[in-house]
Amino acid sequence: MASSRLSAGSRRRALEVLKASSTAHNELDVLVIGGGVTGAGIALDAATRGLHTAVVEAQDWASGTSSRSSKLVHGGLRYLQMLDFHLVHEALTERDRLISFVAPHLVRPVAFLYPLTHHVWERAYVGSGVALYDALASVAPGKRALPYHRHLSKAGMTRAFPDLAHDAAVGAIRYFDASVDDARLVVTLVRTATSYGAHAAARTQVVDLLKNSTGAVTGARLVDLETGEEFDVRARHVINATGVWTEKTEALSGGEGGLRVLASKGVHIVVPRERIQGKVGLILQTEKSVLFVIPWSRYWIIGTTDTPWDLDPQHPVATAADIDYVLEHANAVLAHPLTREDIVGTYAGLRPLLQPGTKEGTSSAKVSREHTVASPVPGLIVIAGGKLTTYRVMAEDAVDFAIGRDRASGLPSITDKIQLLGAEGLEAVRRQARTFATRYGWSPATIDHLLHRYGSMLRDLVDACVDDPSLAKPLEHAPAYLRAEIAYAVTHEGATHLEDVLLHRTRLNYEVRDRGLAACPEIADIMAPLLGWDDATKTREIDAYRQRADAEENAEQQPDDSSAERVRLEASELEPLRPLGDTGDGRGTEGA
């Protein structure tokens, strides 16, 4: 098995493979564009079929939608209202597979209350829906992963969620879904793919597609954003998994076909766990969307909104109006209303909403109500829609479509039998964790935190602490995280910039009120020797993150998206993205 480490060294080696693909007999089978959960899942699917695979991401892994979700792995109760039983069953099957086998360390059960405002008809109506939800989960392959739902009286509801307002409901139904750290899932998927031979390079942007004389896509032109170097990559199949960038990326093919994708902004606020007294989450219907109050780590995540977005997709931010909307709807059911002072952080993400139909001349296979795979031109495959829970099914569909039905039947997906890194040996490491805790003075909360994030890979962190005992200590200004986690983010998880650690390897950007600024010097000091930074580089990294944090905070005071975006874009980028189609050398798209 190949190395699972993502590091500066593994990135350099991946870039060498990508460059070599233009030479005879070194062409890739599959080039995946996009390092979110779908692209990472496709890379794992293709690699485990034995295909010569590479995945590239223009920013950091999971830097877009896949780090800004509601952190839920769920079947989607609302789809039952649309009578889409197949979709719900598919999602519930994937949910239970993730919990019980694929990633039991990353995906954990979470109970929710569905508050009821009417004694009879609503309890019967909602109860029948949740019962069907449970029934669809029960017919999934394998052992049932979660408990059945229960009807709660008003007294039972109050015991489960004491801070629910007295007049908010007459009772509730408790049911189970699951939660996940979305960005960690993506990084773990990429690492698992590399362990099976895939090549992965973040901060590597596709700026154009290569075509032969017949118009078929034969590869892509890439730019290494760390150095500015441009080079061509050859691949038999190029798969576009770029989410809200789908249409911009597929337009590089020069064809008129493809999928239509609109962006919708969803905003969440983060509140300390002690601020709301409750043992379970809440699901609430609003006039515009579903609002979740989700117990997550040391916090509550509350959201989401659902508003159209037609601005630049790179930096969506929460506005004052978004925050007020979430607070208003949460406070409608909370006994002790929240204020802005209770909020320690916010984040905004864009959902790639797949529009009906495809553009003229597109070969497609609409395999799900939620996602579609299409080929605008030969050699280019596009997948869009879907949700985090069903990433594995989406990946399987994309690779099947790319290699063709006949070949796929002889080379089927096996990702339902592949555990992600950290899952194998999990139970043994859980038992060993007591010894680790005693050795380093780690609290039960710290051990739970580490097992949830790393699973059996916790042994790698312990090995690092053996070599350097200072790594076993917590960060001074962010004690929920160990110094070892920062080093591990660089040596094993591909972090190359300070913001990678603050936003995606940890969540300090929205877990502490100062967005992690106080912890930046210590984090930079840990990263510096591992990445070869000098003092000037450390200063530049800290200044860039401070600009970003200040711009995001100022954007939250703005009344609308346009003004918030203007404020957010005042922060400079360490490695700005290139305009698509701009090769930097005046050349057009190359022919074969």
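This note goes through some helices, strands, cores and salt bridges of a predicted model.

1. Helix H1. Residues 8-20 form helix H1, whose 13 residues span 19 Å from first C-alpha to last, close to the expected 18 Å. Its buried residues are Gly 9, Ser 10, Arg 11, Ala 14, Leu 15 and Leu 18. The elements covering them include strands S1 (28-33), S2 (53-56), S7 (199-201), S8, S9 and S10 (230-240).

2. Strand S8 (residues 204-211) is mostly covered, with eight of its eight residues buried. Seven bridges join S8 to strand S9 (residues 217-224) in the antiparallel sense, and Leu 209 has Ala 220 as its bridge partner in S9. Five residues lie between the two strands of this hairpin, and Gly 215 in the turn has a positive phi of about 95°.

3. From S9 to S10. A salt bridge links Asp 232 and Arg 221, with the closest N and O atoms 3.0 Å apart. Asp 232 belongs to strand S10 and Arg 221 to strand S9, so the pair ties together parts 11 residues apart in sequence. Both Asp 232 and Arg 221 are buried.

4. Nonpolar cores. The largest nonpolar core has 83 residues, and those with the most contacts inside it are Ile 42, Val 107, Leu 113, Phe 161, Leu 185 and Ile 302. Apart from it lies another core of 44 residues, among them Met 457, Cys 465, Ala 524 and Ala 528. Beyond its neighbours up to four places away in sequence, Val 107 touches Val 73, Leu 98, Ile 99, Ala 178, Ser 179 and Val 180.

5. Glu 396 and Arg 392 form a salt bridge whose closest N and O atoms are 3.4 Å apart. Both lie in helix H10 (residues 391-403), four residues apart, or about one turn of the helix. Glu 396 is partly exposed, at 24% relative accessible area, whereas Arg 392 counts as buried at 9%.

6. Glu 556 forms a salt bridge with Arg 515, the closest N and O atoms being 2.7 Å apart. Glu 556 is in the loop between H19 and H20 and Arg 515 in the loop between helices H17 (508-511) and H18 (520-531), so the pair ties together parts 41 residues apart in sequence. Both residues are buried. Through shared partners, salt bridges join Arg 203, Glu 499, Asp 500, Arg 515, Arg 548, Glu 552, Glu 556 and Glu 575 into one network.

7. Helix H20. Six of the eight residues of H20 (residues 561-568) are buried, so the helix is largely enclosed by the rest of the structure. Its buried residues pack against strands S11 (259-272) and S15 (307-309) and helices H9 (320-331) and H19 (535-555). Asp 560 caps the N-terminal end of H20, with a side-chain oxygen 3.3 Å from the backbone nitrogen of Ser 562.

Technical notes:
Residues are numbered from 1 along each chain as its sequence is written. This is a predicted model: local features need pLDDT of at least 70, side-chain atom pairs count only at pLDDT 80 or more; totals for chains, interfaces and linings use all residues. Side-chain values use heavy atoms; hydrogens and water are left out. Buried means under 20% relative accessible area, exposed over 50%, partly exposed in between (1.4 Å probe, protein chains only). Contact means heavy atoms within 4.5 Å. A polar contact is a pair of N or O atoms within 3.5 Å; within protein, one must be able to donate a hydrogen and the other to accept it, and residues adjacent in sequence count only if both atoms are side-chain atoms. Two strands pair if DSSP finds at least two bridges between them. The expected span of a helix is 1.5 Å times one less than its number of residues. A nonpolar core is a set of buried Ala, Val, Leu, Ile, Met, Phe, Trp, Tyr and Cys residues joined through side-chain atoms within 4.5 Å. A salt bridge is a side-chain nitrogen of Lys or Arg within 4 Å of a carboxyl oxygen of Asp or Glu.
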